[in-house]
Amino acid sequence: MASSARLLALLALLALLVLLLAAARGADSLRSLGVGEDAAAVAQGDAAVDLNATTFDAFLGAAREPFAVVEFFAHWCPACRNYKPHYEKVAKLFNGQDAAHPGRVLMARVDCALKANIDLCSRFSVDHYPFLLWGPPTKFVSAKWDRKQEKSEIKLIDDGRTAERLLKWINKQMESSFTLDDKKYENESMLPKNASDPEQIVRAIYDVEEATAHAFQIILEHKMIKPETRDSLVRFLQILVAHHPSKRCRRGSAELLINFDDHWPSNISLSSQESSRMLESVETDDHKICGKEVPHGYWMFCRGSKSETRGFSCGLWVLLHSLTVQIGDGESQSTFTSICDFIHNFFICEECRKHFYGMCSSVSVPFKSARDLSLWLWSTHNKVNERLMKDEKDLGTGDPSFPKVVWPPKALCPSCYRSSSGTGDEAVQVDWNEDEVFSFLVNYYGKTLVSSYKETYVESQEKKHVMPLSDDASSSAARVPIGAALGVAAASCIFGALACFWRAQQKNRKYSYRLHSLKKI
């Protein structure tokens, strides 16, 4: 009996030892992510993730960020110790709960001085410290790399010896403009503080891509494509193919149209089980309407001071405005009905959908020009803002840093205002110069947004053999709305080929542009 008791005591002691070791190791892992036992520990925690031979492949393989920077170092190396504050300064922009730009770049490090990591460091031909590599996280998994490799997506960072130089190198790869002073939830457009700078809209191109991808994901997840709604989605996708400001979203929309009937046949009504199988089929094809690398949950121009404000709805508004200033006059009425039907059938906020569709239904005269449609959408957007302005004030649900305002503010377009009145709690009454407003919309949502769009590193890697989008063609399209369709089509011949192929497959399909009854809401 005594020997059994001693054996049980020994086993309990061993179990306790194992738990203590696991807890210590877990604490170290949490500290590497900037998580500590208290506020002081959080503040002092490292932002870069410490990886080793055991965790390296699994962690990077599961990462959702499109890119990773991995620092290979030795803890005994004085240069590495001196470099750590620089690396951490950049890592804090992308990693951890207080990151200004979460989900964009994973910053990690590996200590090559540890015996367990020697083979791992040899895999990547580490020959000096600190040694920095860049690439998609999944490309590091089970990989080997050396300087002589050609066409490798893993790159040596050869100019990152300070925080400033490392961030400059990253910005060059991503076609981004991050700064070391960026803060969490700080809207990078800074419009309320710098409302006179129209160039801030160029950052919205990434938000438009994310909003497009998110809208399509909602449609799939909620199984919203039905026999009575599929035609309206097809018409909206046709507009995206020709006029979406992002080249990779135009490409993705065209590819989706080509295979649309395969995924959603027109002559069947899907049961819940069949719909689920159809969704699985689309996901198996790994189709992403704006490409695989569009970030999720991150906003630049549309970022609010709180995570639940702005974001998707802002990005969707920017997309709609951009579409209306790029179409030709002959497309104005069909674009109007397509936008209204899309919101009616696929925007999941019921109250918002009803209000918007009510404004669509109040239009009694068909649109004959892109100018009329652009001004209608601008006016509609202001009416929505006025309604939400009051609701958010009464309920306290608005974004304190980005309250709803009459658009555009005078600081952004002084020539748009003939006169204005109303301050404080009073509704602002503006006598608008609509010619100037239309000119502003064309330049802001057309020329500035589209012409300033540069292909990102991700896109250039995905489509190295696709002819780049011409900035001149985009500028002409923005300045002369009637020629917008021709300008975009000429600059995007690859999408024209895809669209023609799709039209050949669907030559017998006819779509009527009409508004559906509000009773179906």
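Strand 3 (residues 105-111) is mostly covered, since seven of its seven residues are buried, where buried means under 20% relative accessible area, exposed over 50% and partly exposed in between (1.4 Å probe, protein chains only). The structure is a predicted model, in which local features need pLDDT of at least 70 and side-chain atom pairs count only at pLDDT 80 or more, while totals for chains, interfaces and linings use all residues. Residues are numbered from 1 along each chain as its sequence is written, and side-chain values use heavy atoms, with hydrogens and water left out. The protein chain contains 21 helices and seven strands; helices (H or I, at least four residues) and strands (E, at least two) are DSSP runs, numbered from the N terminus.

**Overall composition**

- Of the 521 residues of the protein chain, 47% count as buried.
- Among contacts with a separation of 6 or more, 71% are between residues 24 or more positions apart; a contact means heavy atoms within 4.5 Å.

- An open sheet of five strands has the order 1-3-2-4-5, with mixed pairing; two strands pair if DSSP finds at least two bridges between them.
- Strand 1 and strand 5 are the edge strands, each pairing on one side only.
- In a regular strand the side chains alternate between the two faces of the sheet.
- Both faces of strand 3 are covered: Val105, Met107, Arg109 and Asp111 are buried on one side, and Leu106, Ala108 and Val110 on the other.
- Strand 1 (residues 49-51) pairs with strand 3 in the parallel sense over three bridges, and Val49 has Ala108 as its bridge partner in strand 3.
- Strand 2 (residues 67-73) runs parallel to strand 3 and is joined to it by seven bridges; Val69 stands opposite Met107 in strand 3.
- From strand 2 the chain crosses through helix 4 (residues 78-94) to strand 3, and this β-α-β crossover is right-handed; that is, with the strands pointing away from the viewer, the path from the first strand over the helix to the second runs clockwise.

**Glu88 in helix 4**

- Glu88 belongs to helix 4 and is buried, with a relative accessible area of 7%.
- The side chain of Glu88 reaches the backbone nitrogen of Ala48 at 3.1 Å.
- Glu88 and Met107 are 19 residues apart in sequence, and their C-alpha atoms are 8.7 Å apart in space.

**Nonpolar cores**

- The largest nonpolar core has 78 residues, and those with the most contacts inside it are Val318, Phe356 and Trp376; a nonpolar core is a set of buried Ala, Val, Leu, Ile, Met, Phe, Trp, Tyr and Cys residues joined through side-chain atoms within 4.5 Å.
- Helix 8 (residues 204-221) supplies the largest share of this core, eleven residues.
- Apart from this core lies another, of 23 residues, among them Val69, Tyr83, Phe94 and Met107.
- Leaving aside neighbours within four places in sequence, Phe356 is in contact with Trp317, Ile339, Cys340, Ile343, Trp376, Leu377 and Thr380.

**Helix 9**

- Eleven of the 14 residues of helix 9 are buried, so this helix is largely enclosed by the rest of the structure.
- The buried residues of helix 9 include Arg230, Phe236 and His243.
- At 1.5 Å a residue, the 14 residues of helix 9 (residues 230-243) should span 20 Å, and its end C-alpha atoms are 20 Å apart, which agrees; the expected span is 1.5 Å times one less than the number of residues.

**Loops and backbone features**

- A cis peptide bond joins Tyr129 and Pro130, with omega about -15 degrees; Pro130 lies in the loop between helix 5 (118-123) and strand 4 (131-135).
- The peptide bond from Trp407 to Pro408 is also cis, with omega near -5 degrees, and Pro408 is in the loop between helix 16 (370-395) and strand 6 (417-421).
- Ser142 has a positive phi of about 55 degrees although it is not a glycine; Ser142 is found in the loop between helix 6 and strand 5 and counts as exposed at 60% relative accessibility.
- Lys144 is in the loop between helix 6 (137-140) and strand 5 (155-156) and is exposed, with a relative accessible area of 64%.
- Not counting residues up to four places away in sequence, Lys144 touches Arg123 and Gln149.
- Glu175, which is not a glycine, has a positive phi of about 55 degrees; Glu175 lies in the loop between helix 7 (163-174) and helix 8 and is partly exposed, with a relative accessible area of 38%.

Key
A polar contact is a pair of N or O atoms within 3.5 Å; within protein, one must be able to donate a hydrogen and the other to accept it, and residues adjacent in sequence count only if both atoms are side-chain atoms.
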